[in-house]
Each structure stands twice: as structure tokens, then as C-alpha cells.
Amino acid sequence: MKRRDFLKYTAPATVLPTLLGGFSVKAFGSTPLLQALSAAADNDHVLVMIQLTGGNDGLNMVIPLDKYAAYQSARTNIAIQEGKVLRLEGYTKAGLHPSMTGIQKLYNDGKVSIIQSVGYPSPNFSHFRATDIWLTGSDSNQVLTTGWAGRYLETQHPGFPNGYPNADNPDPLAVQIGSIVSPAFQGTDASMGIAITSATDFYNLIDGVLDPVPNTKAGKELEYIRLIAKQTNSYEQAIKKAAAKVTSQGDYPANNYLAAQLKIVARLVAGGLKTRLYMVSTGGFDTHASQAEAGDTSKGAHAKLLGGVSEAISAFMADLRGLKASRRVVGMTFSEFGRRIKSNGSMGTDHGAAAPMIVFGDYVMQGVLGNTPSIPDASSVNDNIPMQYDFRSVYASLLQQWFCVKPDELQTVLQKDYQQLPLISGVACGVITGIPDITPDEDKHLIINSPNPFTDRTTITYITGAGNTMVQIFDTMGRLVSVPVNKVHAPGTYTFTFDASYLPTGIYYARFQNGAVQQVRPMLKVR
Amino acid sequence: MDRRQFLTLSPARSAIAPKAARTTTGIAPYSGPWGKQQILHLLKRTMFGVSPADLATFSSMNMQQAVDTLLTVQPDPQPPVNNYGTDSTGVPLGATWVRAPKGDVDTENDRITSYKSWWIGQLINQPRSIHDKMVVFWHNHFVTETITVQDSRYLYQNYLTMHRHALGNFKALTKAITLDPAMLVYLNGYLNSKGAADENYARELHELFTVGKGPDSKYTEDDVKATARVLTGFRIDDANITSTFNTTQHDIENKQFSAFYSNKVISGKTGPAGATELDDLLNIIFAQPEVAKFICRKLYRFFVYYEIDAATEQNVIAPLADIFRSSGYDIKTTLNALFTSEHFFDPLNYACLIKSPVDFCVGVFREFNVQFPADYTTRYECWKVIHSTAAYMLQNLGDPPLVAGWDAYYQEPSFHELWINTDTLPKRNMLTDALISDRGFNFNMFIDPMAFAAQLPNPGNPVALISDSLDILYRIGVSDNLKTFLKDTILLTGQTQDYYWTNAWQLYVSNPNDMQARSDVHIRLQALYKYIMDLSEYQLS
């Protein structure tokens, strides 16, 4: 929106300053994450989390070119045409959906990491439950009521919200643009947001307005209470001040809900708000039907969604660059689950399991982590993409590499040790480390099994470096069947027998993990 | 609605605010539609919060039946008990202290805390009647403060006095309060002696308790002095927690009143008959038409709205005062006229009262049927913390700030807006946020949103769930935009199909002990009700 329009559409000065371009801004309090950020040498890093609500069809977002035939045969009615898949520089095994030219360019500019098959053991296929799992960082059989970011923030800011804001922490610690406070920011005692910036300050995103005040006594009282609510927003001044410093921004695509939210984020970041965590979201990804057009599968509903995300992120990065704030920002996309390998008869896909995540930023390491998903030759409706990386590893990696959080603090937040994935350049936290080549060559088998297919038993062989080594066995629903190996090894080659005589026939995945390295081996049990 | 429309409303807060629409309705009996809206309006004003069960009970009644039910006099309560342990006069745990000897300083503090906690418990467990709210009304009118009275037994007796007369006769109540030991202490009545009459109570009797100090109230300083002399000699019988009359301390001279009181004279009486001068005094005062008007205005401000314009004064206050006066100051008759009037049920008078802190705090516990612990000592602790919460929001039940009561009920020009400021509004949100959270409020008190939703007609349908919830929790209507937002963004957490909620709810109902099924609906209902209670609309009654 042009500045002139913005000013025209702002009411007199008493209007909530959090009415930025029509969005309410929910300010959170200081979370432990933010504390750690401050502690780490004036770290002004920002993480922008982009939630794709509904379950994004990852297999059509990052298309496996090295398994194209199997891919095409599994979802013929919606498979993206091979020639239209966007190529990534220096990488041939997979490419992007044709509508994601913005992300392609960012990747080729060296600013994107794509993480393949992010999920968790025994995934849940229900929107509600799966969303909660991603936001709280829980195991799938565990119910947590605090958010992963909330827990982090409160280990760093015990006693919040008492005493906030203060001289050292004048700005909100986390900000959600547009909606209610995400459960991701929920702490034990409070949302790591200010109690007063609860829904009283919320302006309905659809219209950017509160319900109008009727011309009655009740309306008069309502108006009075809202006025008080505005005044009690302690962070209002801070947000207003930051927003006022940015008087022009780059172009953002019109009619793009995500872009509008990101535009506000860019403005606050560039305006100097010390807020470190932002959450934005966009929906419509529950594409059970008609996700692609019959005549041209590169077009259709899913294409529009992905195109919107790509353009929004692209505009956001360009704007940040123009505002000289791009080095401070890392963004990530996530969704509550991916979708089924095999498409359905309605030209859509049903709920699935693991899916790729996109992480972007100036300091993000260019690359694709993991292999293309394993696709059965004759896939059935029961087949799901097995996880290669646990989503909590992504959180752990961002916390440690971008926010410079210590490993023991990570344990408190995420409850377990998770793999560190090389997402951020070591320069970010002032730590230069050698980045291991964690995605092994396809022909270098770190884990194999023989015989394959097998009837009752199969011998699994793995090659590990030093350190903790884990082998997990998943079924096609992603259910964790067993963990035959999980201990510290000396480097070498090891074997064990996997007894599947009690299990039904079908595909199983043996996932090998050693440090930052992982590999998934598909195994087939037959009669 | 589009942005432009919103912005054209903003000027309402500019220098010259357009006045809210006026009404000229009076106290003619209401004959308009009788349904959910009217029932909720009536209950929200006369009770502390309205639960789905309350609504269900009244839904089968017509207007008169509902009002009759609400005006039903309640029996004496079960008194507070020792919940605090050591008692300096030996009252055991669980036994009542209300007629025990006065305790030492610590015991009296414990008993007064016990009393305040117990009072909140009375409100939480109130019957479906206006009776308990009337006690609070009278407490705000005939103010005493525990911090001044400092005698737990007098304070409980004071409560009993108000309770027994709350829906009875105002003149009788005034007499009872004049002789109430707590009041005798509070306004020095028990020190009032001939030769040096103490005017404290005398002044308040006119200024605050009967004729008020409006433009039509013209009592004089001489009236105050005369009244003080009438009231000389009353003392407290500490053993029986009642008043006595000390004839030797009574001024037996005649007392002359002003033209405002028709120049009446009270003949001084000697001996025990001197005590009956109080009756003469009250006859004189209550003959003054302004008494009925003053009390009716107070009732109006407490139950309808703070603003009394010329139309309301003429169409509502005056005729209501006539009824009050001609009934011999019968409170129930007058309330009946008010609560069955077209003015009371005028839609322009809906949703415009800001909930007092006690209304707000007690209301949320009642509306959501928050469960209290089984053992009484912990229950008292729960009630105590609720009492403190309301006190931090500026309404300390048992201790109004001064003899005029809480300023929300009388202070021009803001009146009930004084309940809401940059300090108290966040506290209201903090209470409801805590109650709806997983951790809950103190002593593990929490809202079970599934139990609430289950009482609604169709909780599996997200549209109906939200609509029915808003009907009960709000008095002011909200737009379809907001309802859609509540459904799509909160209940469906960004999903686009209503059946996701329906499936989740049905799965929970079939498997209430399944942790994941429960969590799915719990998280979303928590977010929904939290949001609803955090909006400014929830502050209105």
C-alpha cells in the first residue's frame, strides 16, 4: 500500500498503532528464546515462521526428478510435467513446482535450504492434532500444552510478564501478525505475549476492522472499554515507533494475504524493533480435490497457493534487501503434514506424512538436505512419504545456529537431543565449523538390507562414523515400528537381524541416523 | 464491512460525540417479544452471570413467572464457619464463630477474612433469585467497612440484617440498619450522647441513606443536628449482638425539623420510650417524596444504566417512586414494576452496564460452572482468592472505599466506566485467561470448556456452537464477520471445512478419555472462549 493510502486509512492518532496496513499485531512477551538471543553478543537475528495451514502437498512442491517415472505413475492425474519442473542450480535430483520461480531464484542466489521429508515418528493424520504437535514440538503420543518457542523463551525470561517491558527489553519478544497468539508461543504461565495485547487489540484481518460500535448506550460503553484496551497495550508505543521509521517499502503482490503480513514484518524489522520471532500464516492447503487442472497440471489451486507463497517470500526478501535488513532474517515454511503419494480420483491428495520445508535467508546454506522421497513402484493409497528428518531437528538447528542457543538449553526446550542440520552459515553465530557433507551419494549405501524383498527376516547392515547411531524402522504410515539401534558406536560396519515375522507384508523404511547424516532404506516384506 | 465504513465510525470519539439513541419508554408493563434475549437480559442484571443451566430453567417461564422467581425471598443463609484453625475463644474448626465472644486481633482478622470468603461463596452458590444481588446493593447503600467495624460478629449480624430485609420493606430496613451494631460502630452511633450529639450517622441518614443530596433534596444542617439528638442513647449489647437503649444518654428535648420536612417536631420522650423517637424520625423523613425517588434512582443505576435523563426521570423514576411510596416502601413491589416494564426490556437498554468486579469475577465462575474442591477449608481459600481478585479490580466486598459506597455507582460523569482503567482491564483479562488456561487459576480452579459446550444445543456444529456461546456470554450482538473469524481461525485453526470440527467433537464425545481426542477439542475451545472473554464485549452486561 502506498504511504498516502496508509495515511488516508489511518484514523486519528488514537487509533491503535498496531493497525498496520489493516492487520492487528499481537505482541508477545519476552520468551526465553529472545533472552538467549540478547545474551548472545547483541544478536539481532530474526526468525520468521510461515505456517501453511491445511497440509501442503510437498511431493508436488519439490518434485523428484531422479524418480520421475515412479512419481508420475503414482499420481498421473496431477503429476507436474517433467519439462516444467523448475531446475535448481547445481542440483539435478529434484526441482520446484513451476509456480515457484521466486524461490527458484532465491535458491540459485544461494539463499535457500530445502529439507526433504520432514516429519516425526508415528505421525498423526488429523489437522488439529498434527498442528498442535508441530507447534508444541511434542511426540505424537504426547500432549504438551506449551509451545516450543514459548518454552524456549520462558527459560530465558522466567517471571514474564511481570516487569515487562523494561529498559533491557523494551520491545515485544515475539509477534504474531494478524491472528490470535499461536500456541507455538505459549509458555507455562502465560503466552509469551503481553496479556493486554490479547484479543482486545485484534482487528479482524478480513476487513481490517473491529465490529462497528452501534449508536446505543451499549455501543458507547463498548467504545470506552476498547479505548482503555488500546491504552493498556504497553508495546504499542514501541511498535508504532519502529513502524514510523520505515517510510517506504518495496513492491508486494496484490491480493496476497501472506505478502501483506510479511510486509508488516519487514517494516518492523527494518524499523529496528528488537523482536526476534515472527509468526505469519496462510491457508487453503488441504487440497483433497482439484489441486491441479486436467489440461495443464502445472496450473490450478495448488499452483496458485505455491505461487502466492513464492511471490510473497520473494517480495519480502527483496524488500528487506532494499531496507538493508536482509542479513538479520531467516524464514521457514512448515505445514502440519504432507499429503499422500498416490493421488485420488478427484485430482487431489489426502492427508499424508512427511514433507519438505523451505528455509531461506542471506545466511542460509544453499542446498537440498536428504534424498528425494522413496516412492514404491506400484504405490497404493496406504503409502506415505517416510520421514528423513524430525521437525524438531529443524527447530534445534535454527535455535542453535541462528539464535546461538547452547545445547543444554536446547534440551530443556525440545526435551531430547535432536540432529543438527547444517542450515545456517557458521558465520551467523561466530562459529566457523566444517560443514560435513551430510547427504551421502546415492550409490554410497550407509544402510542396506538383504534379502530384499524378504519374507520373515532380513539382515540390516550399516556403516557409521563415531558417535550416537540410531536405526528406526517405520511402516508406510510413518508409524515407528521399532528402534533396533540407538547407541554410541566406534566407527565401522555393523549388522543385525530385523525380525518382521510379526508384521504385515508391505513396505518398511529403515532410517539410519549418525550425527548430522541420515539415510532411508526402503525394505519390502512379502509372503 | 469495508475499511471506509469502519473509519467513518471513528469520529464518534472525536470532540463532539454524537449522543447515543434515546428512549422514552416508561414503566408500563412490557408486552413485546419474550424469548432468549429478554431472559438473558433479565438474568444478567439480576444474578451474577448466567449459566446455560440458568437459561434452561427460565426458558419455560413467561415474564411474570421469571420475575416472580427472581423476587422470591430466600431463607437465612448457613453462617460462615471457622476455616482458619486456631481461634482465641476456642471455636473449633468447622463450627461457626458468628455468636462466639470477640476474638483477639488475629482471630478477628481470620474471622473477617472467613466472612468475606464466605460471602463470595454465597454469591457463587446463589439461588436463582435476585436476593443475593440485593444484599450487595444494600451493602453499597448502607455502607459499613470491616476495617472500621473490626468485629466479626457485628459484621455477620449486619449481613443478616441486610439479607432479611433485602426484598422486604425499606423503611423497616432503614430502622434495622440504624440500630445495627456494625453501623453503630461504623458511624459512631454507639458514642452518640446527649449534650454532645455525634452527627456522623445523622448526616449520612439524610444525605446517603434516605433523601440523598440531589437538587430536590433540601434538608438542612439543623435537620442533621436534630436527627443526631434523636439518635442519642443507642448502645450495643455485645453479648447478644444487638442494640440497647441507654435512657440516661438520650437527649429528651424536642427536635425541630425544617420546611423540607414540613417543619415537624419530634416530642422528646423520657425513659425507654425515647427509643421510639427513631420511629417518629423515620415517619417524618419517609413522608418526604424525595426518599422514594432517591432510592429508585439508585436502583435504576444499579440495575439499568447510570444515565438518568429528563425522559427517564419523568417516565421511569417518578412513576416507580410513586409505586415505592404508595406501597409503603415495599422493595419487592417496586422491583417487580421495574423488571416487568417496557423500559427495562427496551432494546436500547440492553448490554450497556459494565460488569462490576464482583459481577465479573463471580459471573465467570458461575457461567462456566467452575468446580470447587470438596473440602471446605480449601473452598474458603478459593473464595478468598476470588474476593481478592475482585478487590484488586477495585471492589472489595465488605470494604467499600468510603461511606458513599463505590464511586462507580454515583460519581459523575463516568459512573461505571470507573471500573475499567488501564490497570483493572488487564486484570479482568488475566483472570479469564488464567481460568481458561491449562494451568488454571489458583487452587486448581479452571474452566472446562467441553462441559460448557456440551450444555449447548448443538456443539458439534461450529456455527451453532459459536452462536449459542456468544448468546450466553455476550449481551451485545456481534457481526457475522467476527463469528466467521471465530469459526475459521480459532475453532477450525485455519482449516476451511466445518466438518473437521464436527468430527473432532464427535470423536471426543465417543472417547472422552482418549487423550488426543480430548486435546484436539480442548485446545480449540480454550482458544475460542479465551478470545471471546478477552474482547471488550465480554465486559458488558
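Predicted model: local features only at pLDDT ≥ 70, side-chain atom pairs only at ≥ 80, totals over all residues.

Modeller: Leaving aside residues up to four places away in sequence, V185(B) touches T148(B), V149(B), Y154(B), Y190(B) and I236(B). L348(B), by contrast, is 163 residues from V185(B) in sequence, and the C-alpha atoms of the two are 43 Å apart in space.

From there I would turn to chain A, where three strands form an open sheet in the order β13-β14-β17, with antiparallel pairing. The edges of this sheet are β13 (447-450) and β17 (492-499) of chain A, and each has a single partner strand, so one side of each is left without a neighbour in the sheet. On average, and with direction ignored, neighbouring strands here are turned by 25 degrees against each other. To follow one of the pairings residue by residue, take β13(A) and β14(A), the latter covering residues 457-464, which pair in the antiparallel sense over 4 bridges; in this pairing I448(A) stands opposite T461(A) of β14(A).

The charged pairs come next, and over all chains the structure holds 41 salt bridges. One of them joins R328(A) to D44(A), with the closest N and O atoms 3.4 Å apart. R328(A) sits in the loop between α11 (301-322) and β9 (329-335) of chain A, while D44(A) sits in the loop between α2 (32-39) and β2 (46-52) of chain A, so this pair ties together parts that are 284 residues apart in sequence. With a relative accessible area of 17%, R328(A) is buried, whereas D44(A), at 34%, is partly exposed.

The side chains of D296(A) and K299(A) meet at 3.1 Å, N to O; here D296(A) counts as buried at 14% relative accessibility, and K299(A) counts as partly exposed at 43%. D475(A) forms a salt bridge with R479(A), in which the closest N and O atoms are 3.0 Å apart; D475(A) is buried, with a relative accessible area of 12%, and R479(A) is partly exposed, with 46%. Beyond such pairs, D139(A), D390(A), R392(A) and K416(A) are linked in a network of salt bridges.

Confidence should be read alongside all of this. Chain A has a mean pLDDT of 82, and 83% of its residues reach 70 or more. Over residues 1-42 of chain A, however, the pLDDT is below 50, although this stretch has 154 contacts in the model beyond near neighbours in sequence. Residues 194-209 of chain A likewise stay under 50 in pLDDT, and for them the model has 69 contacts beyond four places in sequence.

How values were computed. Residues numbered from 1 in each chain as written. Chains lettered and ligands numbered in written order. Heavy atoms only, no water. Pairing = 2+ DSSP bridges. Helix = DSSP H or I, 4+ residues; strand = E, 2+ residues; numbered from the N terminus. Axes fitted to C-alpha atoms, helices over the stretch in contact; angles between N-to-C directions. Salt bridge = Lys/Arg side-chain N within 4 Å of Asp/Glu carboxyl O. Buried < 20%, exposed > 50% of the residue type's maximum accessible area, 1.4 Å probe, protein only. pLDDT = per-residue confidence, 0-100. Contact = heavy atoms within 4.5 Å.
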